[in-house]
Amino acid sequence: MRPNLLILGGTTEASSLALRVARMEVDATLSYAGRVARPMEQPIPTRSGGFGGVEGLAAYLRERAVTHLVDATHPFAARISANAVEAARIAGVPLVALVRPPWTPVDGDDWRHAVDMNAAREYLGTDRKTVFLAIGRQDLAAFAGSPHRYLLRVVEPPMERFPLDDYTAVVARGPFDVDSDRRLLEEHGVEVVVSKNAGGDGARAKLDAARALGLPVVMIDRPPMPPRHEVATVDDVIDWLAHSGTERGV
């Protein structure tokens, strides 16, 4: 039976996987969460929006005869990842998570680890600072009402005001390089960077720029995930496809 793959995406790794499977004899669909109005064009069919929780995703897997499920969502997309594990179990579909390795500090880095958004806010204290808040728009409310001035970087122009008292939003799409991120931090007088530990190369430049400027970084640790099979590269996913669900003739 011809494999039919569902990729839960929104990351660079998901796009790389889509390009790879487009060259193979594999039917595949890339699913976006729907938070970006104009996602990048892909070489395979796409869908946008949620599934309706665990039961909705399980129903989709059964109705579309999906043979393999790949969770290539953001490392902080804890809810959809947990839903994927349970839905795959219900539908009897093999699942693998394509997880980019987390960033680790190197010589010259000044990192303070935070277990969640609230802890990161506590690290900032009450003395007013200019903060590069590199966490995405979904978690900005955790920093509402604080005394700091925030620099934000967003993929698309905001349709409404963010829940922060004092901020500047820069519209830009990565990947970014160290020189441009260093100029960004200098031009806005940034004193501290707050970042999720997303991993990967596309957003690491801000950390290298912070190191070059001697700025501290509040690094938010990844949320816990349910037990699941994880791999780190697209090649690993292709190998998994070749060895999982072999009764389907992958």
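## Strands S8 and S9

In this predicted model, Tyr 150 has Tyr 167 of strand S9 as its bridge partner. Five bridges join S8 to S9. The two strands run parallel.

Strand S8 also pairs with strand S7. Three bridges link S7 and S8, again in parallel. Thr 130 stands opposite Arg 149 of S8. Five of the six residues of S8 are buried, so the strand is largely enclosed by the rest of the structure.

## The sheet around S8

S8 belongs to an open sheet of six strands. The order is S6-S11-S10-S7-S8-S9, and the pairing is parallel. Strand S6 (111–114) and strand S9 (167–171) stand at the edges. Each has a single partner strand, so one side of each is left without a neighbour in the sheet. From one strand to the next, the twist averages 20 degrees.

Strand S7 covers residues 130–134, and strand S10 covers residues 192–196. Four bridges join this parallel pair. Here Phe 132 stands opposite Val 193 of S10.

## Helices H5 and H6

Two helices pack on this sheet. Helix H5 (residues 178–187) touches S7, strand S8 (149–154), S9 and S10. The direction of H5 makes about 150 degrees with that of S8. Helix H6 (residues 205–213) touches S6, S7, S10 and strand S11 (217–220). The direction of H6 makes about 155 degrees with that of S10.

How do H5 and H6 lie to each other, parallel or oblique? Their axes come within 8 Å and cross at roughly 60 degrees. H5 and H6 are therefore oblique to each other. The crossing is right-handed. On the H5 side, the contact is made by Val 178, Asp 181, Arg 182, Leu 185 and Glu 186. On the H6 side, the contact residues include Ala 205, Lys 206, Asp 208 and Leu 213.

Which residues does Arg 112 contact, leaving aside its neighbours within four places in sequence? They are Tyr 123, Pro 216, Val 217, Val 218 and Met 219. Val 194 is 82 residues away from Arg 112 in sequence. In space, the two are 9.5 Å apart, C-alpha to C-alpha.

## The sheet around S1 and S4

Another open sheet of six strands has the order S3-S2-S1-S4-S5-S12. Its pairing is parallel. The edge strands are strand S3 (46–48) and S12, and each pairs on one side only.

Three bridges join S4 to S5, which run parallel. Leu 69 has Leu 95 of S5 as its bridge partner. Helix H2 packs on the sheet, touching S1, strand S2 (27–32), S3 and S4. The direction of H2 makes about 155 degrees with that of S1. Helix H7 packs on the sheet too. Its contacts there are with S1, S4, S5 and S12, and its direction makes about 160 degrees with that of S4.

## The buried side of H7

Which residues of helix H7 (residues 234–243) are buried? They are Val 234, Val 237, Ile 238, Trp 240 and Leu 241. These residues cover an arc of only 160 degrees around the axis, which puts them on the same side of H7. An α-helix has 3.6 residues a turn, so residues three or four places apart point the same way.

The buried residues of H7 pack against several elements. Four are strands: S1 (4–8), S4 (68–71), S5 (95–98) and S12 (230–231). Helix H1 (12–22) is packed against as well.

## Helices H2 and H3

Helix H2 covers residues 53–63, and helix H3 covers residues 78–91. Their axes come within 8 Å and cross at roughly 50 degrees. H2 and H3 are therefore oblique to each other. This crossing is right-handed.

The residues of H2 that make the contact are Gly 53, Val 54, Glu 55, Leu 57, Ala 58, Leu 61 and Arg 62. From H3 come Asn 83, Ala 84, Glu 86, Ala 87, Ala 88, Ile 90 and Ala 91.

Key. Residues numbered from 1 in each chain as written. Predicted model: local features only at pLDDT ≥ 70, side-chain atom pairs only at ≥ 80, totals over all residues. Heavy atoms only, no water. Buried < 20%, exposed > 50% of the residue type's maximum accessible area, 1.4 Å probe, protein only. Arc of directions from axis to C-beta. Contact = heavy atoms within 4.5 Å. Pairing = 2+ DSSP bridges. Axes fitted to C-alpha atoms, helices over the stretch in contact; angles between N-to-C directions. Parallel < 35°, antiparallel > 145°, perpendicular 65-115°, else oblique. Left-handed = near helix turned anticlockwise from the far one by under 90°.
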